[in-house]
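Dear colleague,

Please find the structure below, handed over for your records. My findings follow it.

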Amino acid sequence: MQLTRYTDYAMRVLLHVGARDEGDLSSIQEIADVYGVSKDHLKKVAQDLGQAGLLITVRGRNGGLRLGRPASDITIGQIVRHTESGFNLVDCSSCIIATACTLPRILNEATRAFLEVLDKYTLDDVLKRRTDLRGLFGRSAPLKDVIQSVAEEDDHSNSRN
């Protein structure tokens, strides 16, 4: 199973906002700059997360985003269920063996197990290393560029060995 980019962005927004000190606001521009992603995409995600109660959006010149409830009350499963449109791994509606096939039952069981594992973890669990996250968020280059440069350095050092 592969999660959508929308879910990826939702997780990034929630992680960024959740890593802040309580009461501090994050701007969409700041998050877009850190991750090197489209501000317009993040606006849509933030609005949706706000409507779902996962974020509080504060309008105005000094506005921004903060968590809508404690990170310990937001499960990763809740986030994924909210951001993903469906969990049907296959469409059996036009298959000629659908009435005798047990594959959909097996895939549904696997999907339930996947979500049960995600329900065991909260946003707070993912944010255990807040200080480290804040340090990464404070870099001047977008994280994708930092990750790429670190990977290139690793490749270069491995080629010398």
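Which residue just after H3 takes a positive phi? Gly53 does, with a phi of about 85 degrees.

This is a predicted model, in which local features need pLDDT of at least 70, side-chain atom pairs count only at pLDDT 80 or more, and totals for chains, interfaces and linings use all residues. Residues are numbered from 1 along each chain as its sequence is written, and side-chain values use heavy atoms, with hydrogens and water left out.

The protein contains eight helices and two strands (DSSP runs, H or I of at least four residues for helices and E of at least two for strands, numbered from the N terminus). Their order along the sequence is α-α-α-β-β-α-α-α-α-α. Of the 161 residues, 31% are buried (under 20% relative accessible area, with exposed meaning over 50%, for a 1.4 Å probe and protein chains only).

Helix H3 covers residues 39-51. Its 13 residues should span 18 Å at 1.5 Å a residue, and the end C-alpha atoms are 18 Å apart, which agrees (the expected span is 1.5 Å times one less than the number of residues). Leu42, Val45, Ala46, Asp48 and Leu49 are the buried residues of H3. They lie on the same side of H3, because they cover an arc of only 165 degrees around the axis (taken from the directions from the helix axis to the C-beta atoms). Lys44, Gln47 and Gln51 are exposed on the other side of H3.

At the start of H3, a side-chain oxygen of Ser38 comes within 3.2 Å of the backbone nitrogen of Asp40.

How values were computed. A polar contact is a pair of N or O atoms within 3.5 Å; within protein, one must be able to donate a hydrogen and the other to accept it, and residues adjacent in sequence count only if both atoms are side-chain atoms.
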